[in-house]
Amino acid sequence: MKAAGLLRKMPDNNPNYALFSPMDSRIPRLMIPMNNCPPDFRDRPSDYEKSLFVARIVDIPADKKFASGELLETLGDADTLEAQSKAILMENDIRDEEFSNEVIKCLPLDQDKWSIPNEEFSKRLDLRNQCIFTIDPATARDLDDALSCERLEN
């Protein structure tokens with residue numbers, strides 16, 4: 001399981017580990033080995049106070065206060081919309097990359113000439129210019145549950 005969160009010094013100042021605190025409170029805090037942290041984290045942890053990281057759980061020992069984990073990547077400044085958006089997409093396993101060639105091959109053969117028939121526009125609301133994505137699980141046979149987002153003036 002992957003989670004986005006913040007990296008801090010351990011409460012007991014243990015020099016061998018850092019503490020990863022997930023944004024999602026349902027996920028346990030993780031002890032991250034110092035050798036998995038940014039090289040200067042031990043000496044300059046305050047440089048990373050606003051950095052959003054991705055970590056995964058490696059083990060949840062019954063006899064320890066924290067689970068153990070490993071850092072996977074840095075998403076950027078936690079105060080930015082871009083880093084927060086990356087975190088939401090990652091935590092919900094939503095991919096936002098371009099369609100693969102395999103998917104493109106599923107389109108009609110003459111893709112340059114294919115268009116939506118005019119009668120469809122009279123029966124449907126055209127949402128092609130909206131940011132909409134499915135929230136159906138990977139095992140879904142139909143993609144009928146979705147979310148959308150749009151920038152408001154305020």
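Helices (H or I, at least four residues) and strands (E, at least two) are DSSP runs, numbered from the N terminus. The structure is a predicted model, in which local features need pLDDT of at least 70, side-chain atom pairs count only at pLDDT 80 or more, and totals for chains, interfaces and linings use all residues. Residues are numbered from 1 along each chain as its sequence is written, and side-chain values use heavy atoms, with hydrogens and water left out.

Salt bridges were examined across the whole structure. A salt bridge is a side-chain nitrogen of Lys or Arg within 4 Å of a carboxyl oxygen of Asp or Glu. The search finds 9 of them. In helix H1, Lys-86 and Glu-82 lie 4 residues apart, about one turn of the helix. These two residues form a salt bridge, with the closest N and O atoms 3.5 Å apart. Lys-86 is partly exposed at 36%, whereas Glu-82 is exposed at 54%.

Glu-120 and Arg-124 also pair, at 2.5 Å from N to O. Arg-124 is exposed, at 59%. A further salt bridge links Arg-128 to Asp-126, with the closest N and O atoms 2.7 Å apart. Arg-128 counts as exposed because its relative accessibility is 54%. Asp-126 is partly exposed, at 40%. Shared partners join Glu-120, Lys-123 and Arg-124 into one network of salt bridges.

On a 1 Å grid over the protein atoms alone, a pocket is an open set of points where a 1.4 Å probe fits, with protein on both sides within 12 Å along at least five of seven lines; lining residues have an atom within 4 Å of a point. A volume is the space filled by probe spheres set on the points, which are joined across faces, edges and corners. The largest pocket has a volume of about 1,100 Å³. Its lining holds 25 residues, and Ile-94, Arg-95, Asp-96, Phe-133 and Thr-134 are the closest to the centre. Strand S6 gives the most to this lining, with 4 residues. Helix H1 (81-91) and strand S7 (146-149) each supply at least two.

The second largest pocket has a volume of about 220 Å³. Its lining includes Glu-120, Arg-124, Asp-126 and Arg-128, the residues of the two salt bridges described above. Ile-116, Phe-121 and Ile-132 are also among the lining residues.

Conventions: Buried < 20%, exposed > 50% of the residue type's maximum accessible area, 1.4 Å probe, protein only.
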